[in-house]
Amino acid sequence: MTESAHLYAAVITGFEKVASREISEKLPATECFSGRGNVRFCLDLNSVPDILKLRSVDNLYVVFYENEIVGLTDMEKEKALKTIKQQLSYCNWELAIDVYQLAQGKNIYGGSDLVVDQMREFMREGKRCEVTENSPKFRVTCKRCGEKEIHTFSSMDAASKFGAEINNAFGWKCSVKEFDIEVVLRIEKDNMTVMMALNDESLFKRNICAYGPTTMRSTVCYCMLHLASIKPGDVVMDSMCGGGSIPIEGALAWNTAFFLGGDNHESAMERCKKNWSSNSSSTKSNCEFFNWDATNLPLRENCIDALVTDLPFGKKIGSKTDNRLLYPILLNEWKRVLRKGGRLVVMGHDKRTLEKAILADRSSWHIKANHIVNMGGLQCLCLCLINTKRFCRILQDRVGLFLDLPTSSISRRGNLPEQLPGLTGLESRWQDQQNGMKGAVWFPGCTNFHRSEDSYNGRIGRIPIQMRAATKWNGSFQRSMSGSAWSSGSIDFQNSESTFQ
Ligand SMILES: C[S@@+](CC[C@H](N)C(=O)[O-])C[C@H]1O[C@@H](n2cnc3c(N)ncnc32)[C@H](O)[C@@H]1O
């Protein structure tokens with residue numbers, strides 16, 4: 001038996017990095033790299049039984065042939081199809097059957113030994129294998145990527161030619177609807193890959209039995225929840241949960257956290273309860289649903305650790321005009337209930353309205369990550385935001401504010417306290433750098449000293465949140481730092497304590 005296999009995971013376009021992270025966290029995968037809508041990795045065969053536990057992946061395949069067929073794009077149709085068919089004998093069928101059996105936990109009649117024998121006879125004597133009652137059922141699908149007109153044949157032509165050859169070699173029965181084995185050809189220009197599907201039904205079809213007009217795939221829910229960095233004991237909320245797909249996926253995947261879902265649609269609660277109770281693990285009590293208005297939540301301030309939600313897109317539910325009113329109100333309410341440093345992961349199709357609403361209150365949110373995600377053909381924006389109150393507290397506790405000074409100000413370093421009136425107790429320190437002098441100031445007692453990478457321009461802080469904290473003290477300060485006028489002395493540090501509360 002081969003020791004390891006190359007696997008191909010079809011994932012949601014836009015969430016490839018999240019899927020890669022899950023794969024690396026849960027499996028001893030090597031050579032993990034992502035392409036558009038897929039992640040490929042190499043895995044020891046001992047770990048194959050664990051792959052169907054991945055939650056960010058829509059479909060999984062084992063790659064058992066990959067090669068360039070020189071001149072495929074220029075070949076006449078008959079020759080191209082004959083060449084494709086001939087690749088069958090170069091495929092590693094033994095590996096494909098071994099990995100399939102390990103992943104599915106069930107055996108194909110005769111296993112990989114029979115397939116190897118059949119292939120040997122087929123190649124040596126051209127012996128066709130007869131279909132028997134034990135023969136597995138199979139189908140072949142072909143996906144051609146990139147420009148399709150580049151080939152003289154259609155995807156259907158390639159699939160049926162390759163399928164006919166499988167039938168000749170192994171005597172498997174072809175069945176388009178009810179099949180045990182699915183062989184997938186992927187052809188891109190002159191490159192051909194042959195894979196075998198390792199899951200029967202797409203992995204995103206889990207958790208939900210009562211569908212609504214905007215039910216989200218469980219795999220998308222998982223990726224959004226993963227972005228929220230959920231920790232044991234966290235309270236996680238979806239304040240507009242529809243049929244509950246996000247809280248249900250969360251409760252099943254993170255059983256040490258607690259999930260709340262709510263919606264104001266009359267049928268939503270019924271669907272949530274049906275969906276939750278249809279899951280075998282729903283005997284657990286880490287998920288609750290509520291009928292509420294997300295713009296006026298019956299929750300006290302700072303009680304939620306993470307909020308993961310998908311907004312009404314303004315297509316099937318609501319309208320873009322509604323969104324312009326709704327999104328800023330929602331953000332305000334979320335800011336209230338999220339604790340300091342709490343995470344907000346939000347998906348929206350109305351990208352402009354969402355971005356505008358966040359920009360209008362940018363000092364309250366730090367944008368940690370953004371993803372453009374393909375949701376059934378719609379390009380959506382998924383943002384991971386941090387409620388900045390928490391960072392202010394960290395600044396207060398440990399670091400305070402630091403300022404990197406422009407080179408032009410170095411000569412005046414001796415006068416720093418006078419140039420920044422109100423900075424009582426502030427120390428200034430200076431460092432010799434290769435390219436000249438750089439300076440920084442910070443509150444005494446801080447445990448960290450940050451130095452900005454581009455301090456020559458002179459600006460406050462290295463990370464945006466610190467800049468925002470600073471602009472809260474005095475809106476004009478950030479602008480005045482960009483030139484030598486930074487010494488205008490208009491910062492009111494005396495009031496910083498109250499700003500941080
Ligand atoms: C995009 S859908 C959510 C779909 C959900 N993720 C699912 O998979 O079923 C948006 C939801 O927001 C709800 N909604 C809209 N305005 C609301 C409000 N003010 N309060 C609570 N829910 C609201 C709608 O009823 C709808 O179910």
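Two residues count as being in contact here if their C-beta atoms, placed from the backbone, lie within 7 Å. With that in hand, hello everyone, and let me show you around this predicted model.

Let's start with a pair of helices. Two packed helices are described by the angle between their axes and the distance between the axes. For helix 3, residues 93–104, and helix 4, residues 111–125, the axes come within 8 Å and cross at roughly 160°. Angles over 145 degrees count as roughly antiparallel, so helix 3 and helix 4 are roughly antiparallel to each other. Their crossing is right-handed.

Who touches whom? From helix 3 we have Trp93, Glu94, Ile97, Asp98 and Gln101, and they meet Gly111, Ser112, Val115, Val116 and Met119 of helix 4. Sorted by class, the residues of this contact are five nonpolar, three polar and two charged.

Now stay with helix 4, please, and look at helix 5, residues 155–170. The axes of helix 4 and helix 5 also come within 8 Å, with a crossing of roughly 100°. That makes this pair roughly perpendicular. Helix 4 brings Val115, Gln118, Met119 and Phe122 to the contact, while helix 5 brings Asn168, Ala169 and Phe170. There are five nonpolar and two polar residues in this contact, and no charged ones.

Next, let's go back towards the start of the chain.

Thr13 has 16 other C-beta atoms within 10 Å, so it is partly exposed. Leaving aside neighbours within four places in sequence, Thr13 is in contact with Arg36, Gly37, Val373 and Asn374. Take Met375 as well: Thr13 and Met375 are 362 residues apart in sequence, yet their C-alpha atoms are 8.3 Å apart in space.

Last stop, the ligand. There are 20 residues around the ligand, and the ones that come nearest are Met240, Gly242, Ser245, His265 and Ala294. By class, the shell has eight nonpolar, nine polar and three charged residues.

Conventions. Residues numbered from 1 in each chain as written. Predicted model: local features only at pLDDT ≥ 70, side-chain atom pairs only at ≥ 80, totals over all residues. Near = placed C-beta within 6 Å. Nonpolar A, V, L, I, M, F, W, Y, C, P; charged D, E, K, R; others polar. Axes fitted to C-alpha atoms, helices over the stretch in contact; angles between N-to-C directions. Helix = DSSP H or I, 4+ residues; strand = E, 2+ residues; numbered from the N terminus. Parallel < 35°, antiparallel > 145°, perpendicular 65-115°, else oblique. Left-handed = near helix turned anticlockwise from the far one by under 90°. Buried ≥ 20, exposed ≤ 12 C-beta atoms within 10 Å, placed from the backbone.
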